[in-house]
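Subject: Structure handover

Hello,

Please find the structure below. My notes on what was found follow it.

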Amino acid sequence: MVARGLLTFKTNPSIASTGVTAGPLEKKSPFVSLFDKMYDEEQSGAGTNEQGHAKMMEDACMIALSKVDSVPEDADFLLIGDLVNQMTPSNFCAATVGIPYMGMFSACATSVSTLITAALLTDSGFSKIAIAGAGSQHNAVERQFRYPIEYGSQKPETSQWTVTAVGVAAVTPNKKGMPSIVCATIGSVVDLGMTDPLNMGAAMAPAAADTLQRHLDGHGTKITDYDCIMTGDLGKTGFELYKTLASNNGIDVTENFRDAGEEFYGEDPSFFAGASGAGCSSTVYFSEIYAKMLQGEYKRVLLIATGALLSPLSFQQGDTIPCIAHAVELTMK
Amino acid sequence: MNEKKYAALEKEISPKTPYLRNCIKAFLVGGTICLIGQFVALFYMTYFDFTERTSSNPTVSTMIFFAMLLTGFGFYKKIGQIGGAGGSVPITGFSNAVVSAAIEHKSEGYVLGVGGNMFKLAGSVILFGVFSAFVVALIKTILVKLGVVSW
């Protein structure tokens, strides 16, 4: 039987460099020392939130390229995405950098879906440098999905804070001494009937547990094979649910389980259940995890980015929140 | 796992909404706003030629103005997070809803942006406020005609 949605890369493409940019509030993140560029102002000096979002993406791409001594003309593909309608920040970023571009959307799981696609393009020999990644900008996303920024609504403890951050990776053919992409699992949409957009972690947890199970079964690996299994942005509530679901499935939940959203702002209660947004998983994966792999602390990791595939229209019409989780496995030899 | 089982698990693990604490905070925040409003009304009655009945219009305008400033300087969202309904039910909450939407949509221009969106949140308050006022007035008119109560 051919396992559905599973990918194994023959040439193990490498992540040759990463570029991470983040907004002013993200200075509170424990990972801040690993971010490449921070802005003092939410709009990154641009005129609008959306333009600022595009600028953060451009800067992240340029940083990743400069680290491999390249210019945009050297890159073959740009695969990025964000959460704004029709992904205009990604589109404007692509217009500026001028790399052949495909906008991709898996909500907050875009970090991994782009990485998988970049690995496929590299594996098949079509790409020497492909930029993959995702980002989000707090104000631009909140106004679209929830209320105006200055509106005084009361957020519950389960709600998550959309990050202002962009993380991209430059994927190249296998390079020695660089983290490489070994295999992946494309998620299936899981919908267990959750409807609360202020508790997205609970909606996404089943998708993460499902993809984890499918990855382990499909690729024949065990939890103990990994130094770290990091989910995307389940947040404090969703992460607890996900660990419960995993242990119900007979998986031994260890210290190796981590969640980018849960850790992003540390224990600061003003961010409620933690971080979310397409920029959450991408920045932590491409800073914290990438750095730990380069240092040799992590030899094998499984990254499961989670995304809630809702729109403001769909939940107002009373629909449930369908969710997805894509997994990618990285090794360092 | 089916939807029902998961809903039960979600309920068990998600932090509970502290209803009592929220109610107390809403009472204190809403009460404080109303207390300030009372002082503003007394100010108009003491220093200007207003009665208890006629002072309500300038009081409401003043409270709206205060809330507008607080929204613009980014404080009202903090009041809303602490006070919940205590921050949104008084007239200051209405002001916050209008002003926050206006600030938000300034980037799309004054006509389609600010003009088209500033009542995005407050519009339903106006609609249902006017409608419920109409219904209450209708009931009272009938009762007056029947001689049950007087104006």
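The structure holds 13 salt bridges over all chains, a salt bridge being a side-chain nitrogen of Lys or Arg within 4 Å of a carboxyl oxygen of Asp or Glu. This is a predicted model, in which local features need pLDDT of at least 70 and side-chain atom pairs count only at pLDDT 80 or more, while totals for chains, interfaces and linings use all residues. Residues are numbered from 1 along each chain as its sequence is written, chains are lettered from A and ligands numbered from 1 in the order in which they are written, and side-chain values use heavy atoms, with hydrogens and water left out.

Salt bridges

One of the salt bridges joins A:E150 to B:K77, with the closest N and O atoms 3.1 Å apart. A:E150 lies in the loop between α4 and β7 of chain A and B:K77 in helix α4 (residues 76-83) of chain B, so this pair joins two chains. Helices (H or I, at least four residues) and strands (E, at least two) are DSSP runs, numbered from the N terminus. A:E150 is buried at 15% relative accessible area, and B:K77 is partly exposed at 29%. Buried means under 20% relative accessible area, exposed over 50%, and partly exposed in between (1.4 Å probe, protein chains only).

Within chain A, the side chains of A:R258 and A:E288 meet in a salt bridge of 2.9 Å, N to O. A:R258 is in strand β11 (residues 257-259) and A:E288 in helix α8 (residues 278-294), 30 residues apart. Both residues are buried. Salt bridges with shared partners join A:R258, A:E263, A:E288 and A:K292 into one network.

Domains of chain A

The domain assignment, automatic or from a database, gives domain 1 (6-172) and domain 2 (180-331). In contact (heavy atoms within 4.5 Å) are 56 residues of domain 1 and 61 residues of domain 2. The two domains bury about 4,700 Å² between them, 69% of it on carbon and sulfur atoms; this is the accessible area (1.4 Å probe) that two parts lose on being put together, summed over both. A:L6, A:F31 and A:Q160 supply 16% of the area that domain 1 buries against domain 2, more than any other three residues.

Cysteines

A search of the whole structure finds 0 disulfides over all chains, a disulfide being a pair of cysteine sulfur atoms within 2.5 Å. For A:C228, the nearest cysteine sulfur is that of A:C280, 13 Å away.

Regards
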